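Please look over the sequence and the structure shown here before reading on.

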Amino acid sequence: MWKTGFLFFYLLCLSVFDGKEKRVPMILLIIGTAAACAVGIYGALRGRRGLECLLGLIPGLCLLIVAWATKKAGYADGIVLAVVGAFEGFRGCMLIFSISLITLSVCCAVLLLLKRVQRNSILPYIPFLCTGYLLWKVMAL
Amino acid sequence: MEGDGSVKKCYGGEAGAYLTVEAALVLPVVLSVLLFVIYAMFFQYNRCVAEQDLGVLALRGAVSRTEDKELLAEEIEKYASEVDYGKYFMWKAGGIDLKLEGNQLRVSVQGELSYPLHVWKTMSVYENHRVNPTFFVRQCRKLIGGK
């Protein structure tokens, strides 16, 4: 429960910064990474949870590679997704990622139809990740 | 955070957190296609392994010398209980179903792979005709005039 609360609060904080400036402070990313490492180490010491944490990093690392290769995404998105993956495991992370991407793409399609954005316009991603996390938790209940 | 609204001054560094509209539209499509291909490969792999296991069971049943049907069913069920489910991946296998009608042995199994928001099901069937080599050889010998 504390993990859910922490992660949601963390994503909410990042969403505020991201929504305002489409950038997030590095200190928050460092805090998230440290928390993810702590969760991973604690899980590894207690049993098989460590492997799940490692697998959960895969979607975030893939997004980092996409960001590095195409410059169409920010590095912080990948890092935050990896943090979410460390907390929720591979399956949870993939579902949250999918939900957030679907929400974002629907939003983009609507904005494109309304001619409010163009192909190369940038949109904040972390608020959608936070929405995805919230929706996933609601669906899991 | 004061004055020009820059976060940089307060925290010493920032990282971009955005997706372009293009990426937001392309990424879900790429992700869906990748997931579909990966799951389809898992599904195909599990189906092939299930068919292989059934093939082995059907062959064992077909070459068994046991004449009594109940004993034969028990024998095949014993083999079926020895099937190693550890080699299946993300697979939920049902029980192995055996049917013996005359000399026709039919072995089948159902399995399913959980795809996000959907379940892929399959049913593998293997049929073999039971043979008795000794009886067959004797019949052939009789045909060619032997004892």
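The sections below take up each chain and then the contact between the chains.

The model described here is predicted. Chain A contains 5 helices and 2 strands, and from the N terminus its elements follow the order α-β-α-α-α-β-α.

Along the principal axes, the C-alpha atoms of chain A occupy a box of roughly 50 × 30 × 25 Å. The radius of gyration of chain A is 15 Å, which agrees with the value near 14 Å that a compact globule of 141 residues would have. Of the 141 residues in chain A, 42% are buried. Among the contacts in chain A with a separation of 6 or more, 65% are between residues 24 or more positions apart.

## Helix packing in chain A

Two packed helices are described by the angle between their axes and by the distance between those axes. For helix 4 (residues 75-113) and helix 5 (residues 126-140) of chain A, the axes come within 8 Å and cross at roughly 95°. An angle from 65 to 115 degrees counts as roughly perpendicular, and helix 4 of chain A and helix 5 of chain A are therefore roughly perpendicular to each other. Among the residues that meet in this contact are A:Val84, A:Leu95, A:Ile99 and A:Thr103 from helix 4 of chain A, and A:Phe128, A:Leu129, A:Tyr133 and A:Trp136 from helix 5 of chain A. By class, the residues of the contact between helix 4 and helix 5 of chain A comprise 13 nonpolar, 5 polar and 1 charged.

A second pair consists of helix 2 (residues 26-46) and helix 3 (residues 49-70) of chain A, whose axes come within 6 Å and cross at roughly 145°. Helix 2 of chain A contributes A:Val39, A:Gly40, A:Gly43, A:Ala44 and A:Arg46 to the contact, while helix 3 of chain A contributes A:Arg49, A:Gly50 and A:Cys53. The contact of helix 2 with helix 3 of chain A holds 3 nonpolar, 3 polar and 2 charged residues.

## A loop residue of chain A

A:Lys22 is located in the loop between helix 1 (2-21) and strand 1 of chain A. A:Lys22 has a positive phi of about 60°, although it is not a glycine. This residue counts as partly exposed because A:Lys22 has 19 C-beta neighbours inside 10 Å, and a residue is buried if 20 or more other C-beta atoms lie within 10 Å.

## Chain B: elements and burial

Chain B has 4 helices and 6 strands. Along the sequence, these elements of chain B form the pattern α-β-β-α-α-β-β-β-β-α. Of the 147 residues of chain B, 19% count as buried. Contacts between residues 24 or more positions apart make up 50% of those in chain B with a separation of 6 or more.

In helix 4 (residues 133-143) of chain B, the number of buried residues among the 11 is 0, so this helix lies largely in the open. Helix 4 of chain B is followed by B:Gly145, which has a positive phi near 95°.

## Chain B: hairpin and loop

Strand 4 (residues 97-101) and strand 5 (residues 104-115) of chain B run antiparallel and are joined by 5 bridges. Within this pairing, B:Asp97 stands opposite B:Ser108 in strand 5 of chain B. Strand 4 and strand 5 of chain B form a hairpin with 2 residues between them, and B:Gly102 in the turn has a positive phi of about 65°.

B:Met90 occupies the loop between helix 3 (69-81) and strand 3 (91-93) of chain B. The phi of B:Met90 is near 50°, a positive value in a residue other than glycine. B:Met90 has 13 other C-beta atoms within 10 Å and is therefore partly exposed.

## Contact between the chains

In the contact between the chains, 20 residues of chain B touch 35 residues of chain A. On the side of chain B that touches chain A, strand 1 (14-16), strand 2 (18-20) and helix 2 (21-63) of chain B each supply at least two residues. The largest share of that side, 8 residues, comes from helix 2 of chain B. The residues on this side of chain B divide into 14 nonpolar, 4 polar and 2 charged.

Strand pairing also links the chains: strand 1 (residues 23-25) of chain A and strand 1 of chain B pair in the antiparallel sense over 3 bridges. The bridge partner of A:Arg23 in strand 1 of chain B is B:Gly16.

Key. Residues numbered from 1 in each chain as written. Chains lettered and ligands numbered in written order. Predicted model: local features only at pLDDT ≥ 70, side-chain atom pairs only at ≥ 80, totals over all residues. Contact = placed C-beta atoms within 7 Å. Nonpolar A, V, L, I, M, F, W, Y, C, P; charged D, E, K, R; others polar. Pairing = 2+ DSSP bridges. Axes fitted to C-alpha atoms, helices over the stretch in contact; angles between N-to-C directions. Parallel < 35°, antiparallel > 145°, perpendicular 65-115°, else oblique. Rg over C-alpha atoms; globule rule 2.2 N^0.38 Å. Buried ≥ 20, exposed ≤ 12 C-beta atoms within 10 Å, placed from the backbone.
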